[in-house]
Amino acid sequence: SNMLRAPSNMRGQAILRDPRLNKGTAFTEKERAMLNLEGLLPPIVESIDDQVKRVMAQLETIKDELDKNVYLRSLYDLNEVLFFRVLHDNMEDLLPIIYTPTESKAIQSYSQHYTTPRGIFISYDKKERMYEILSSVEGGDKILLIVVSDGDQILGIGDQGVGAIEVSVAKLVL
């Protein structure tokens, strides 16, 4: 069954704000009633295939590759299941948008497009507290993979400071 198994204390807006749980218009009528989502979503129930088609149609209207990257990043921040399905079904077309060459532009304009924190920022002056910082992250005790960057010479575009987090996140996405 594709029925969402949300934590017992999560309902309504809390589920829609969690990109790991948000299924957008793919929530069934039963899930919408059970999870207090009625009225929070358009009334239509769509399959994941329909959602993928809608996302790809929206992407086709965007001409600039960086704007497509920003759109896909916002989808990732909203609905991870849909993001990964769109990527899986369209990898050849979307890889240059979510990684090189477009990702270097996204890194350079990171502060202009910043919306949602992804990754963990541990500055050099906090290196002694790295374990404490990692353990404070939700699910930190289950971290299986870490991509580390000092931000220097990312994708041949030079030191990008905190904007280099984008390349680490992109590597984890792939």
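How much accessible surface does the protein have, and what share belongs to carbon and sulfur atoms? I find about 10800 Å², 55% of it on carbon and sulfur atoms (Shrake-Rupley method, 1.4 Å probe; for residues, only the protein chains shown count as cover).

I note that this is a predicted model, where local features need pLDDT of at least 70, side-chain atom pairs count only at pLDDT 80 or more, and totals for chains, interfaces and linings use all residues. Numbering runs from 1 along each chain as its sequence is written, and side-chain values use heavy atoms, without hydrogens and water.

Fold next. I looked up 10 helices and 0 strands (DSSP runs: H or I of at least four residues, E of at least two, numbered from the N terminus). Of 174 residues, 40% are buried (under 20% relative accessible area; exposed is over 50%, partly exposed in between; 1.4 Å probe, protein chains only).

Then helix α4, residues 65-78. Asp 64 caps its N-terminal end, with a side-chain oxygen 3.1 Å from the backbone nitrogen of Leu 66. Buried residues of α4 include Leu 66, Tyr 71 and Tyr 76.

Last, the rings. I count 3 aromatic pairs (Phe, Tyr or Trp six-membered ring centres within 6.5 Å; planes under 30 degrees apart are stacked, over 60 edge-to-face, the rest tilted). Tyr 76 and Phe 83 are tilted, at 4.8 Å and 45°. Tyr 76 and Phe 84 have centres 5.7 Å apart and planes at 90°, so that pair is edge-to-face. Phe 83 is buried at 3%; Phe 84 is partly exposed at 33%.

Technical notes:
The expected span of a helix is 1.5 Å times one less than its number of residues. A polar contact is a pair of N or O atoms within 3.5 Å; within protein, one must be able to donate a hydrogen and the other to accept it, and residues adjacent in sequence count only if both atoms are side-chain atoms.
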